[in-house]
Amino acid sequence: MTLAVSGGDLQRLRKLNSLSVVAALRADGPMPLTNLAERTELARATVKQAVHDLIEQGWVAEMDPSAGAKGRPARRYRFRAEAGRVLGLDIGAHNVRAALGDLDGNVLHLSRVPVTPALTRDERLEAVDRAIDACLAGAGATEDEVWAAVAGSTGYIDLEGRIVLSRAIRDWSGAPLAEHLSARLPCPVVVENDSRLAALAEHRRGAAQQVDNLVYLHLGRRPGAAVILDGAPLRGSSGAAGEIGVHPLFNLAASSDLLQAAVTPVTSGLAPGEVAAAIFEAARQGDPGSTTAVLRYVKVVAMATAAMTLTVDPELVVLGGGFSRSADVLMEPLRAELETMCLRTPELRGSTLGEECVAVGAVCFAVDHLNARLFNPAH
């Protein structure tokens, strides 16, 4: 019996073969046809045709032969990550950051626009536009080259990307951020919680690489938390996963006030934004009053951290946010507190990405979004 194969079936088969080749090149890097055939479990002739099609479409490029190789080197092929761009945004109370990345998530350019918590909603959206413009100009790119954009923002953001509640930024709850970005960018737009994006960045590019289960703590003037489970950000049924700071028992949202309220000689005459850093530095030097203030702060953080740790049993807790610059002061007392509360105390590490963490995570999330939409053979 002969099976009839329609033109549509053949077209879909060629598409699936091409996607399998793209997935292999993105996962394992440049390789020759023989390795591609083994990796995709496709016939070599099928892979050769798929590679030819992908080169014509601009997705794959042939690499220069390896210099110094004996004999005739096999032709090697690579995925063209430069074929498109993704945009990541970090919209906070004090800064708006934009990052432009390639299709592998490598950050090509970063820009920053300082803002204040007192800005109106429209003024903050204008700052977002300025950060985008500066980032694109700095990278020599245009909006038409951006294939996906992800914006990270403070607050509770639901699964549809709506900013349901933001305590850190005045006039920001309910802001039409997705609509604003969609109106100016010719690409899909996603809005996500900033702590979740920071956690993803640490998992992909920072302190938590090779760790699939972790808790991320955003420690700073505006604290927050997020969870990565099995390599993916935990969002929950409505997008509220990780919002432990709103629980009155833990009072994590007010934890930084304990540092601001500390009365020590080192805080005299300092602006509010400078107090925490001064206390951490004084505690590092052994100042008793500052050390007491740090321990009081750590106790509050430890309560919330222990609750999350006992719930999801992470391998690692990453200390991020503005206070992560003082992770050396915070980690030992935090570990000591957690040892009295947890069945198994996770490892603690400080962030390696610093203030760019959310923007980098937004770039990573945008790449994941494109992977699911364009590069998934099972889609």
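Reader: Let's take contact to mean heavy atoms within 4.5 Å. With that in hand, which residues of helix 2 meet helix 3?

Author: A quick note before I answer: this is a predicted model. From helix 2, Leu-33, Thr-34, Leu-36, Ala-37 and Thr-40 take part, and they meet Arg-44, Val-47, Lys-48 and Val-51 in helix 3.

Reader: What classes of residue does that contact have?

Author: The contact of helix 2 with helix 3 has five nonpolar, two polar and two charged residues.

Reader: And at what angle do the axes of helix 2 and helix 3 cross?

Author: Roughly 110 degrees, with the axes coming within 9 Å. Angles of 65 to 115 degrees count as roughly perpendicular, so helix 2 is roughly perpendicular to helix 3. For orientation, helix 2 covers residues 33-40 and helix 3 covers residues 44-57.

Reader: Nice. On to the sheet: in what order do the five strands come?

Author: The order is 6-5-4-7-10, in an open sheet with mixed pairing. Strand 6 (107-114) and strand 10 (189-193) are the edge strands, each pairing on one side only. From one strand to the next, the twist averages 15 degrees.

Reader: How many bridges join strand 4 and strand 5?

Author: Six, and the pairing of strand 4 (residues 85-91) with strand 5 is antiparallel. If you want a spot to look at, Asp-90 stands opposite Arg-97 in strand 5.

Reader: What about strand 5 and strand 6, parallel or antiparallel?

Author: Antiparallel, over seven bridges. There, Val-96 stands opposite Val-113 in strand 6.

Reader: Which residue in the hairpin of strand 5 and strand 6 takes a positive phi?

Author: That's Gly-105, with phi near 85 degrees; the hairpin has five residues between the strands.

Reader: Which strands does helix 6 lie across?

Author: Helix 6 lies across strand 7 (146-153) and strand 10, and runs at about 95 degrees to strand 10.

Reader: Changing topic, how much space lies in the largest pocket?

Author: About 1,200 Å³. Its lining takes in 49 residues, and the closest to the centre are His-218, Gly-220, Arg-221, Arg-222 and Pro-223.

Reader: Which helix gives the most to that pocket's lining?

Author: Helix 8, with seven residues. Several elements supply at least two lining residues each, including helix 6 (194-205), helix 8 (272-284) and helix 11 (357-374).

Reader: Which residues line the largest cavity?

Author: Leu-219, Tyr-297, Val-298, Val-301, Leu-319, Leu-330 and Leu-334. By class, that lining has seven nonpolar residues, no polar and no charged ones.

Reader: Which elements give two or more residues to the cavity lining?

Author: Helix 9 (288-312) and helix 10 (327-339). Helix 9 gives the most, with three residues.

Reader: Great, thanks for the tour!

Notes:
Residues are numbered from 1 along each chain as its sequence is written. This is a predicted model: local features need pLDDT of at least 70, side-chain atom pairs count only at pLDDT 80 or more; totals for chains, interfaces and linings use all residues. Side-chain values use heavy atoms; hydrogens and water are left out. On a 1 Å grid over the protein atoms alone, a cavity is a set of points where a 1.4 Å probe fits but cannot get out, and a pocket is an open set with protein on both sides within 12 Å along at least five of seven lines; lining residues have an atom within 4 Å of a point. Grid points are joined across faces, edges and corners, and a volume is the space filled by probe spheres set on the points. Helices (H or I, at least four residues) and strands (E, at least two) are DSSP runs, numbered from the N terminus. Two strands pair if DSSP finds at least two bridges between them. Axes are lines fitted to C-alpha atoms, for helices over the stretch in contact, and angles run from 0 to 180 degrees between N-to-C directions. Angles under 35 degrees count as roughly parallel, over 145 as roughly antiparallel, 65 to 115 as roughly perpendicular and the rest as oblique. Ala, Val, Leu, Ile, Met, Phe, Trp, Tyr, Cys and Pro count as nonpolar, Asp, Glu, Lys and Arg as charged, and the others, Gly among them, as polar.
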